[in-house]
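Here's a quick walk through the fold, from the overall shape down to one helix. Keep the viewer open as you read.

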Amino acid sequence: MRWNKTLQIVGVHCEGEIGKVITGGVLDIPGKTMLDKMNHINQVDDSLRKLVVLEPRGCLQMSVNLLLPPTRPEADAGFIVLQSDKAHPMSGSNAICVVTTLLEMGLVSMQEPETTVVLDTPAGLVTATATCQDGRCVGVSLDMMPAFVEALDVPVETAGHGTLKVDIAFGGVYYALIDVEQVGMAIEPVSARRLADLGAALLEVINRQVKVRHPLYPQIDQIAYVMFRHRLEDAVYQTCTTLPPGRVDRSPCGTGSSANLATLAARGLASEGSQLTSRSIIGSEFKVQMVGTTEVAARPAVLPRVQGRAWLYSIEQHGVDPNDPLAGGFMLSDTWGEGRSAS
């Protein structure tokens with residue numbers, strides 16, 4: 001056996017959503033900032049993402065998080081989210097996976113009963129407070145970056161569902177939030193395939209009709225995901241984030257829940273101190289609190305705090321044989337959906 005690359009990867013999931021963490025084998029990625037490094041992956045060299053995310057080493061129903069040295073002195077570690085379509089700037093469930101891995105693998109010293117971990121992400125700094133007990137990380141609370149509304153009730157013309165009213169909000173990435181009743185569906189496991197396919201199709205339609213650009217990070221200039229939502233009670237929301245090329249988030253989605261909180265605040269349905277529950281398609285939950293308000297380039301913004309849990313379940317080694325013709329990875333529509341062709 002001869003490998004020209006070896007990676008150590010920790011298997012971990014957050015409330016059901018797999019967010020593996022690369023803990024060894026990558027020294028760094030070119031770029032002065034974490035955003036520069038993410039753009040290098042997306043625009044210059046995408047081989048690492050394809051290697052770990054695509055088949056035959058990866059699968060659709062997961063993300064892989066690349067740990068990197070921080071580019072800002074106040075941070076403990078940097079990370080970039082690698083997914084099936086590209087590298088993304090931030091994810092709440094993946095940040096919880098990263099913090100849990102850093103502490104339980106001893107990469108950051110654990111202090112009981114709480115440990116503070118500051119993460120350097122392409123979307124800004126994220127401060128995590130981990131509840132620690134008996135050598136384990138039993139919960140993580142994330143002080144997310146400011147979330148704000150780009151526009152409410154944007155009319156989007158679709159072929160199959162007429163005109164949809166869509167909220168556009170930033171919670172770490174840009175989201176298109178759609179009340180699921182508008183498409184005549186429910187957020188339940190039996191609907192996962194149809195929601196995934198519809199979300200992938202709507203994402204392309206919405207990005208053609210709606211243009212976004214973050215006022216502080218202008219390179220973040222596309223809507224990343226469609227989130228379907230349904231209010232169960234005053235402070236309880238079902239959420240279903242759909243990810244290209246066609247799957248649903250198993251977790252309640254931290255950045256999406258932050259974006260949803262921003263839309264509620266903009267409508268006067270949430271204020272400082274408000275707490276809501278985001279419930280995923282499989283029933284797992286995040287607690288989301290509005291801890292304050294701020295501004296982002298003169299836009300009203302909220303400060304969300306997202307709380308969830310993660311569990312480590314494996315330590316893996318991935319290797320690349322120099323003669324392997326499939327080192328670049330591939331996709332097939334039988335599992336990845338029709339949103340993307342073979343790699």
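Start with the size: a compact globule of 343 residues would have a radius of gyration near 20 Å, and the protein comes in at 19 Å, which agrees. (That radius is taken over C-alpha atoms, and the globule rule is 2.2 Å times the number of residues to the power 0.38.) Along the principal axes, the C-alpha atoms fill a box of roughly 55 × 45 × 35 Å.

Before going on, bear in mind that this is a predicted model: local features need pLDDT of at least 70, side-chain atom pairs count only at pLDDT 80 or more, and totals for chains, interfaces and linings use all residues. Residues are numbered from 1 along each chain as its sequence is written, and side-chain values use heavy atoms, with hydrogens and water left out.

On to the build. You'll find six helices and 18 strands, which are DSSP runs numbered from the N terminus (helices are H or I, at least four residues; strands are E, at least two). Of the 343 residues, 54% are buried, meaning under 20% relative accessible area with a 1.4 Å probe, protein chains only.

Now zoom in on helix α3, residues 92–104. Its 13 residues reach 18 Å from first C-alpha to last, close to the 18 Å expected at 1.5 Å a residue (the expected span is 1.5 Å times one less than the number of residues). Twelve of those 13 are buried, so α3 is largely enclosed by the rest of the structure. Among the buried ones are G92, I96, C97, V98 and L103. After α3 comes G106, with a positive phi near 75°.

Technical notes:
Buried < 20%, exposed > 50% of the residue type's maximum accessible area, 1.4 Å probe, protein only.
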